[in-house]
Amino acid sequence: SQDTHWLALELQGSSSVEVRNVLTGQHLCDLDATIITGCLALSPDGQHLVTSGWQDPNINVWDVSTQDKLISFPGHNLVLRHLILSADGRRIATSTIGQQPIKLWDTSSWEQVGSLMGRPDVHLRAHAFLSDGNTIAAIEEDLEDATVTYRLWQAPSWEEIEAAEAVDNGGSIGG
């Protein structure tokens, strides 16, 4: 997890993902990796595991304590390559093996709230949230000459979003 207290690790030669508290060594659970193999991300509090499998581009959210799948929703139409949670756990960024955009998701509603496109004929190879939780860094690789560039996208802060929503609602609560 972003706070470095929790670890989800797919065990080689095993059919499970082990979740542990790395500070205490406490073993929380083993989840069946045959249904979640691929991308893994733990919420900062270690309560939820967000996954996507190689065979299925859906995004799945698991309750770590009960090992129940809470929700499953379509992510992309290609296999996910990266799935990353912001440090505050309020956003997820996902990308595929192809030239599709990075998609941004809100973890309170599990709905897509944005997408970030790379330049034409460029693959987005990797992405990560910076520590502010509002900036995403991505590595782009040109398909023709294999040059690599780095891009930064800055999302509005939660405070900026709330202020804009208040204006949209005429300044009243419940608009």
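Reader: To begin with strand 10, how many of its residues are buried?
Author: Five of the five residues of strand 10 are buried, so the strand is largely enclosed by the rest of the structure. Please keep in mind that this is a predicted model.

Reader: Which way do the residues of strand 10 point?
Author: Ile 102, Leu 104 and Asp 106 point one way, while Lys 103 and Trp 105 point the other way. The residues on both sides, Asp 106 and Lys 103 included, are all buried.

Reader: What is the strand order of the sheet, and is the pairing parallel or antiparallel?
Author: The sheet is open and has four strands in the order 8-9-10-11, with antiparallel pairing. Its edge strands are strand 8 (80–85) and strand 11 (111–116), each of which pairs on one side only. On average, neighbouring strands of this sheet are turned by 25° against each other, with direction ignored.

Reader: What holds such strands together in general?
Author: Strands of a sheet pair through backbone hydrogen bonds, in a parallel or an antiparallel arrangement.

Reader: How many bridges join strand 9 to strand 10?
Author: Four bridges join strand 9 (residues 91–96) to strand 10 (residues 102–106), and the two run antiparallel. Within this pairing, Ile 92 stands opposite Trp 105, and Ala 93 has Leu 104 as its bridge partner.

Reader: And how many join strand 10 to strand 11?
Author: Five bridges join strand 10 to strand 11, again with the strands running antiparallel. Ile 102 has Leu 116 of strand 11 as its bridge partner.

Reader: Which residue takes a positive phi in the hairpin of strand 10 and strand 11?
Author: That residue is Trp 110, with a positive phi near 60°. The hairpin has four residues between the strands. Trp 110 is also buried, with a relative accessible area of 18%.

Reader: Turning to the aromatic rings, how many aromatic pairs does the structure hold?
Author: It holds two aromatic pairs. In one of them, the rings of Phe 73 and Trp 105 have their centres 5.1 Å apart and their planes at 55°, so the pair is tilted. This pair links distant parts of the chain: Phe 73 is in strand 7 (residues 68–74) and Trp 105 in strand 10, 32 residues apart.

Reader: Are Phe 73 and Trp 105 buried or exposed?
Author: Both Phe 73 and Trp 105 are buried. For Phe 73, the relative accessibility is 8%.

Reader: What is the geometry of the rings of Phe 73 and Trp 110?
Author: The ring centres of Phe 73 and Trp 110 are 6.2 Å apart and the planes are at 35°, so this pair is tilted. Phe 73 lies in strand 7 and Trp 110 in the loop between strand 10 and strand 11, so the pair ties together parts that are 37 residues apart in sequence.

Reader: Which residues form the aromatic cluster, then?
Author: Phe 73, Trp 105 and Trp 110 form one aromatic cluster.

Reader: Stepping back to the whole protein, how many strands are there, and what share of the residues is buried?
Author: The protein has 14 strands and one helix. Buried residues make up 41% of its 175 residues.

Methods:
Residues are numbered from 1 along each chain as its sequence is written. This is a predicted model: local features need pLDDT of at least 70, side-chain atom pairs count only at pLDDT 80 or more; totals for chains, interfaces and linings use all residues. Side-chain values use heavy atoms; hydrogens and water are left out. Buried means under 20% relative accessible area, exposed over 50%, partly exposed in between (1.4 Å probe, protein chains only). Two strands pair if DSSP finds at least two bridges between them. Axes are lines fitted to C-alpha atoms, for helices over the stretch in contact, and angles run from 0 to 180 degrees between N-to-C directions. Rings of Phe, Tyr and Trp (its six-membered ring) pair if their centres lie within 6.5 Å; planes under 30 degrees apart count as stacked, over 60 as edge-to-face and the rest as tilted.
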